[in-house]
Amino acid sequence: MGVSQFLKFCCAYRPQLKGKRGLVDMSTARRDQLLELQEKVQEKWNKLQITVIDIPKEPDEYEREMANKESCKFLVTFPYPYMNGFLHLGHAFSLSKAEFAARYQHLCGKRSLFPFAFHCTGMPIQACADRLRKEIEGFGCPPLFPEDLQEQCEVTNSTNTEQQEQRVDKADPTKFTSSKSKATSKKTGNIVRQWKILESLGVPSDLVPKFADPLYWLQYFPPYGIRDLKRFGVFVDWRRSFITTEANPFYDSFVRWQFWTLKERGKIKFGKRYTVYSPLDRQACADHDRASGEGAGPLEYIGIKLQLEEEIVESHTVLKSLKGKPVFLIAATLRPETIYGVTNCWIASNGIYGVYEVVYRKDDSADQSESEYFIMTPRAARNMAFQGFDGGEFGQPKEILQLKGEQLIGWSLKCPECAFEKIYILPMFNVSTQKGTGIVMSVPSDSPDDYRALLDLKEKAGLREKFHLKNEWVFPFEPVSVVDVPTFGDMSAKVACEKFHVRSQNDVEALKKAKDLVYLKGFYEGKLLKGPYAGELVQEAKAKIKSYLLSQNKAIVYCEPEFPVISRSGDECVVALVDQWYLDYGECSWRELAKKCLSRMNTFGTETYRSFEFTFDWLHEWACSRSFGLGTKLPWDPQYVIESLSDSTIYMAYYTIAHLIQGEDNLDGKKPNPIGIEADQMTPAVWNFIFLGESLSEEQWRECSIPKWKLELLRKEFCFWYPMDLRVSGKDLIGNHLTFCIYNHVALFQEENWPRAFRANGHMLINSEKMSKSTGNFLTLEEAIDKYSSDAVRFALADAGDGVEDANFQLKTADDAVLKLTALLTFVKEGCEQLQMMRTEAAETSSRFEDRVFLSEIRRTVRLCKEKYDGMLYREALKIGFFEFQEALGRYRKVVHADKSKSVMNDVNRELFVFYCRIQAVVLCPICPHTSEVIWEWIARATQQNAEASILQSRWPVVEREDESILAASRYLEDTLHRMRLQMIPKKSKKSNHQSHCPKSATIVVCSEPPFWQRKSVNLLRSVFNANSNEFEADIPKLISSCEELKDNMKKVMSFVGMIRDKAKEEGESALELRLLFDEVDVLLQNRAYVMEELSLKNLQVIKSCDRIEETRKELISAAKESLPSKPTFVFEYEEN
């Protein structure tokens, strides 16, 4: 069944989804208008096949564009979404960046390709299907869950009780009585049933049982993804869409080729490695297999073996059976080099510990295993049991005895390499049983926590009494210097505690600051004072001490997740030491190639670039196989499945040929394809030819039996489209997918086919709050379109933000967009209806000031929008191309009296109106393409051009640069009007208490020459200005205040200088030019009628400050003295009441 047929089938079963979540009702007339228009526009695009993007067909054209690919083609991709549900606004936000880029580059004349596929590999779908299957097996089909049965019973009982209560007491009708007890609510609150999750998504109950088959998810959700994205108006070539896993034999073959090639090139290896592991799934748990804890890797500790003294073992009721056997407390530390300064051992007095028998090999080559007994927390024992310390059975800790922390206090231990013959176990408040082993070695000379806790025990007798501590366990032990830290000395913990005023071990914040400072300086600058490596830097000695302790069996390696990880199956993950196939990303030469690729890429910001560098530094081995789940089997070891982050690193190359080997409406590749090739014909040699350009031998030609011209066509497709010009993604994928993408490309492809740019964005909030289904702050893409229309949603997404910080989708912005877009359409429609009434003067040579201003505003908009679109700054592009452009239109409409609804537009310049509408349509097209298409069509029809053509068949306009002088004159005019309005506030008459009317006339006094203090100030600024850096190479306030000639006007000077300084940083040396780009008097006289109309004046006079003024006009004389360049002064005459 194809996508279109499947959608028709499913929609018949899914009528209740639309509006299911109770979307807020609003006046829908304008929204409905946009929805109706978008449907017609999409029909037009489909008819014209606007998004079908092919390589040049003619050989000459192909060669010409191949020779200049950067300016002729644009391939943008987006990480294919995971298909365990419907697309939501979070998906739409990230993919909108790729969508806007694709449309913009298409308008720039490039063959812009934006393909889109659907990811189905991994554990999430498998885990959900398994959970549903178990629910059906356990509770029937449809299932009757215990909480539902309990609730039904309670509702029945509650109804009977309420009926009795109503008969007895009707005194308080406002009293609320719940039909569900608190106990029941508490019991059922945390239960999440897969059946109910699917129903909440809108899946009909009779279809839910089908989802017990994981392959049904692959059939159900992708078609809905296509439907919603088409309604969203994405510029996607749907012929290139596909799903992953072995359900798609073509993609399966592609991934097998990728892994064969990586293995042949030495990038994939096998062996025991520490990895985050799901005990329930019995396999590694990568980022995409997790319900929470994405990004957490194995954190390696060194477990110091603190041996329990024999006398303690012998005196204990249970432990005495272990007499003669080694019993150790395992102190997990990240700083083994400080072992020489240990004074005691810390535990959590209220923590739970256990004694565990463990079996491990002292030597990898030895056949004999040894049993030892470790004391640690049950949590640590669980982790350790998956790392070879399991007491006989993998993953099963063997507990001998459980102990409370308080029972361990006072036990004596032997610590290897420390200065004391024996040390004691003491309590510490800050020891966590959820981190490490719950056992901590104390180094008070180097650790602020240890120093302050030991000092507390020495200083506070009540604290010692509380834990029944003997003095000999505490007082003989003084800090032992072990690391010398510059500026802190050999007792850095003491110095840091004093610096941050740490008074007790409860001063958590102060201790954190002290610890962060000491540890950072200690690692990078500290020198070791004790042991065989004394004198060496800590960062150099650390690894040597670790190796020494491990070789002498004085310590073990212990790992746990960096922070808690919960798998999709619901269990808490551990770190396991298991055999696995892994990608050796830490291999030096491979890493250097990846860094070389990154150095040539555009990451649109230093923060993203640094995040890649950070990932390169910590990334080493990555487990690429799983025991089960959906995906492609490892070709040389089919018992394993390739995990989801590893089969999705170079599929962008697959897009280049997917339209030929799969084609539209063929997501799983099972239908006949346009090129007539079977999946089993796609041998490794065929893939090598397509992507690597390697020739086939005669035997390989016979094996694949594909006509040569077909393979050459596939090769041409790849060579034209690659490299990938842009990859758009959320910033959370920098730490895995995006980095893996770089590594795999440099491992498989030649340099000219390495990716060119990655654009990372932040997460998206809705109304400044995190998206959440549980709180209702969540919208699927379908719901958002139904509520606002595609263009309004796209408008709000563009306005949400562009950086790597979290963006904010505001529902009010989407609401407002509906109003703004429909208002724009209304204006254009009215203008088209009155087009023949408009003035016909040529805009370029118009005698009208407002025409020339608006023409330059349009040209400015084109230039600035192009700059913002080139930089993928879509919020700025929207600000300039819509908000500011609408303001410019509003100013023009006001001057020509066309600023009211249903206005007569006979004073509008016809050429300018048409030019504006076309430019508005183009600059808005990447973001709001449906609205732009409608405007384009209406204008074409009004001007008797081809209305059937699409705006997407046009090109980004090439216009002359705007006239800066006319724009400066326009700003001057608006500023002057604003200042005049402020000064026109009615004054009280001197002869009465009544307020005067508004002025009847005004005189504007224009400065004829800059005053001396301005000229002097600018000359001083010019003398210290660096035109190369746009910076002033002097202390400006000091420079100005030291000038004697300026002291009489210092207040005005400082304000003026501050304005010029800020302006110079943006505009450069031109800001230091006092001469204006326009004639003030000329601008005011040209717009005399407009100013009079705006201010309701009967008369307006414009004079220069140098003009002769009668001595009796004292107000004018004063105004002439106060006028400044671009800041004329005003004198008003008022009418009395």
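I took two strands as paired if DSSP finds at least two bridges between them. Helices (H or I, at least four residues) and strands (E, at least two) are DSSP runs, numbered from the N terminus.

I worked on a predicted model, in which local features need pLDDT of at least 70 and side-chain atom pairs count only at pLDDT 80 or more, while totals for chains, interfaces and linings use all residues. Residues are numbered from 1 along each chain as its sequence is written, and side-chain values use heavy atoms, with hydrogens and water left out.

Entry on the sheet. I looked up strand E25 (residues 764–766) and found that it pairs with E27 in the parallel sense over three bridges. Met764 has Ala807 of E27 as its bridge partner. I noted helix H29 (residues 790–800) lying across E25 and E27, at about 155° to E27; angles run from 0 to 180 degrees between N-to-C directions, and axes are lines fitted to C-alpha atoms, for helices over the stretch in contact (heavy atoms within 4.5 Å).

Entry on aromatic rings. I found 78 aromatic pairs in the structure. Rings of Phe, Tyr and Trp (its six-membered ring) pair if their centres lie within 6.5 Å; planes under 30 degrees apart count as stacked, over 60 as edge-to-face and the rest as tilted. Phe254 and Tyr654 form a tilted pair, because their ring centres are 5.2 Å apart and their planes stand at 50°.

Entry on charges over rings. A charge sits over a ring if NZ of Lys or CZ of Arg is within 6 Å of the ring centre and within 35 degrees of the ring normal. I recorded Lys305 over the ring of Phe328, with its charged end 4.7 Å from the centre.
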